[in-house]
Amino acid sequence: MYKEGITAVIAVLAMFTLSPAAFGQSDNLLRWSDIESAIDKHPAMKLAEDQAAQAEAEIGVSDQYPNPEVGISLGQGRSIDGSDEALIWGIELQIPIDAPGAYLNDTEAARAGLQAAKFDAVARRLEVVRKLKGLFFRIAIGQEQLRVQQENVSQLERLVEVAQMRVEKGEARPMEAARLEIVLEAQRVDLTTLEKTLESLRENLNVWLGGNLPLGYVVSFDWGKLPRIPDSDVLLGRVLSNHPVVQAASQRILASKATVRAERHRLLPTMNLGGFYDRELDAHNYGGMLSIELPLWNWNQGGIAKAKAMESAALHERELAEKELQADLAEAHAVAFQAIERARRYAEIITPQAHQTAETVEAMYRVGEAGIMDLLDARRTLTETETKTLAAFEGAWLSYLDLITLTGGEIE
């Protein structure tokens with residue numbers, strides 16, 4: 001008989017560089033605690049780290065003040081009458097003076113960009129975890145499906161033996177044993193299909209874990225109570241304020257606003273402050289200099305327009321993210337609620353009744369009080385119920401997993 005549900009402990013799968021020795025006491029039992037640290041080695045997480053490092057380096061680029069410029073001149077000087085000739089040289093130093101507002105706002109935009117990259121990494125991690133947990137659940141349910149099907153085949157084999165004994169005693173027609181054998185072969189085909197499906201799922205996980213999992217490994221899955229979910233309104237407020245996608249979009253808005261301010265400060269002409277020293281044939285010249293850029297062709301209108309477009313795009317990006325999350329959350333909440341309720345009813349009501357009916361009919365068949373059609377119908381109903389029950393559990397946990405992802409990783 002089925003247990004009442006599945007525990008709220010969700011084992012997060014991760015990947016790479018695991019050895020069979022990492023699995024603790026059992027050589028083929030895979031737990032979340034065995035592979036938790038490997039999730040950071042997922043290529044998506046490595047990519048996120050690289051992007052964050054790039055954003056952090058951008059702060060260093062923005063922090064760099066323009067370097068001074070030094071010019072040296074060297075040549076040969078000759079008097080006009082040609083009576084004197086000597087080596088002449090000069091040196092010039094210029095220090096760029098940028099608008100302080102542009103410099104400071106560029107740095108502020110870079111810092112906001114770094115925060116956005118970090119939130120993007122959190123969002124990417126959520127998606128990686130969702131996919132890995134989903135694979136874990138499918139393997140766990142596949143193991144249970146295989147166990148149930150093995151029990152079905154064993155039970156049918158015993159019933160075939162009973163039917164053959166009744167035929168030999170003249171208590172049943174030969175057709176009864178033949179029909180049970182047909183059902184048994186069909187169940188064996190289904191068993192082979194489940195074995196192959198589970199094998200492919202395990203191999204899929206093994207690929208992500210670097211191919212180091214032992215042959216025939218099993219995942220540790222604790223069956224218990226099904227999860228509970230709060231009302232959608234409670235989750236919605238948390239999503240719109242805490243989800244990393246929204247937070248990343250908010251940081252991009254801050255970055256774009258700072259960029260607009262920086263471009264406006266660049267309306268001021270660029271200046272260079274410096275000095276020079278020149279040694280000529282009959283003179284030593286020295287002094288200071290100030291050069292100012294003349295914005296004759298533009299007043300940085302192109303840069304300002306580009307920055308404003310980036311700001312508008314960032315605002316719409318956050319609006320789109322909020323609306324998508326709100327719509328997805330409403331749908332995911334309804335799906336999860338229905339899936340959990342379906343699994344609960346199958347576990348607590350439908351499956352126990354199907355088991356009880358099948359056991360009763362089988363007992364009656366053994367003593368000749370029920371016919372082959374009654375037995376086949378009871379077995380078919382039980383098999384379908386068991387299949388639907390496990391599918392309901394799988395749907396409940398996968399939909400709950402989608403809901404967890406949308407809420408930023410936690411519901412409780």
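This is a predicted model: local features need pLDDT of at least 70, side-chain atom pairs count only at pLDDT 80 or more; totals for chains, interfaces and linings use all residues.

Trainee: What makes Glu317 and Arg252 a salt bridge?

Mentor: The closest N and O atoms of Glu317 and Arg252 are 3.3 Å apart, and the cut-off is within 4 Å, so the pair counts. This pair links distant parts of the chain: Glu317 sits in helix H7 (residues 301-366) and Arg252 in helix H6, 65 residues apart.

Trainee: Why is Glu317 called partly exposed?

Mentor: Glu317 has 34% relative accessibility. Buried means under 20% and exposed means over 50%, so a value in between is partly exposed. Arg252, at 28%, gets that label too.

Trainee: What about Asp377 and Arg380, what makes them a salt bridge?

Mentor: Their side chains meet at 2.6 Å, N to O, and the limit is within 4 Å, so they qualify. Both lie in helix H8 (residues 372-406), 3 residues apart, about one turn of the helix.

Trainee: How do you know whether H3 is roughly parallel or antiparallel to H6?

Mentor: The axes of helix H3 (residues 100-168) and helix H6 (residues 244-265) come within 8 Å and cross at roughly 165 degrees. Angles over 145 count as roughly antiparallel, therefore H3 is roughly antiparallel to H6. H3 passes H6 in a left-handed crossing.

Trainee: And why is Ile292 called partly exposed?

Mentor: Ile292 has 46% relative accessibility, and exposed would need over 50%, so partly exposed is the label.

Methods. Residues are numbered from 1 along each chain as its sequence is written. Side-chain values use heavy atoms; hydrogens and water are left out. Buried means under 20% relative accessible area, exposed over 50%, partly exposed in between (1.4 Å probe, protein chains only). Axes are lines fitted to C-alpha atoms, for helices over the stretch in contact, and angles run from 0 to 180 degrees between N-to-C directions. Helices (H or I, at least four residues) and strands (E, at least two) are DSSP runs, numbered from the N terminus. Angles under 35 degrees count as roughly parallel, over 145 as roughly antiparallel, 65 to 115 as roughly perpendicular and the rest as oblique. A crossing is left-handed if the near helix is turned anticlockwise from the far one by less than a right angle, and right-handed if clockwise.
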